[in-house]
Amino acid sequence: MDCLFCKIIAGEIPCTKVSEDDAAFAFRDINPQAPVHVLVLPKKHMANILECDGETMAKLLNAVKIIAKQEGVAEDGFRIVSNCGKNGAQSVNHLHIHVLGGAQLADHMA
């Protein structure tokens, strides 16, 4: 498989890891859109949210909650986004959730 995120999880491509457990892997985005911009993804490859089962999604959302607290954005607020498919602007074909915070975000998404 030639998946960028699978290679990052496997340690073949370096990243700034934020957290890791049995199901989820999180690292800092290399092109941050906010002071805190962390990507949370399942260790098991799945293209997008349409391939994700409820148990995996629950584990990913739990990781988001832990990361938001760890990164200091839980109290003031943050945004989570998961792009899906070409028209949804998904740039890597591996399910990932963006955790964005650390500043006042725009009230709209463009």
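Residues are numbered from 1 along each chain as its sequence is written, and side-chain values use heavy atoms, with hydrogens and water left out. Because the model is predicted, local features need pLDDT of at least 70 and side-chain atom pairs count only at pLDDT 80 or more, whereas totals for chains, interfaces and linings use all residues.

The largest pocket holds about 600 Å³ of space. A pocket is here an open set of points on a 1 Å grid over the protein atoms alone, where a 1.4 Å probe fits, with protein on both sides within 12 Å along at least five of seven lines; grid points are joined across faces, edges and corners, and the volume is the space filled by probe spheres set on the points. The lining, defined as residues with an atom within 4 Å of a point, comprises 28 residues, of which Asp29, Gln33, His37, Leu39 and His98 are the closest to the pocket centre. Two or more lining residues come from each of helix 1 (4–9), strand 2 (24–28), strand 3 (36–42), strand 4 (78–81) and strand 5 (97–101). Helices (H or I, at least four residues) and strands (E, at least two) are DSSP runs numbered from the N terminus. Helix 1 contributes the most, with three residues. By class, the lining has 17 nonpolar residues, eight polar and three charged, where Ala, Val, Leu, Ile, Met, Phe, Trp, Tyr, Cys and Pro count as nonpolar, Asp, Glu, Lys and Arg as charged, and the others, Gly among them, as polar.

Five salt bridges are present in the structure, each defined as a side-chain nitrogen of Lys or Arg within 4 Å of a carboxyl oxygen of Asp or Glu. One of them joins Glu71 and Arg28, with an N to O distance of 2.9 Å. Glu71 lies in the loop between helix 2 (54–70) and strand 4, and Arg28 in strand 2, so the pair ties together parts that are 43 residues apart in sequence. Arg28 is partly exposed, at 33% relative accessible area (buried, under 20%; exposed, over 50%; partly exposed, in between; 1.4 Å probe, protein chains only).

Within helix 2, Lys59 and Glu55 are four residues apart, about one turn of the helix, and their side chains form a salt bridge (3.4 Å, N to O). Lys59 is partly exposed at 32%, while Glu55 is exposed at 54%. Elsewhere, salt bridges that share partners join Lys17, Glu20 and Lys43 into one network. In the bridge between Lys17 and Glu20, the closest N and O atoms are 2.7 Å apart; Lys17 is partly exposed, with a relative accessible area of 46%, and Glu20 is likewise partly exposed, at 40%.
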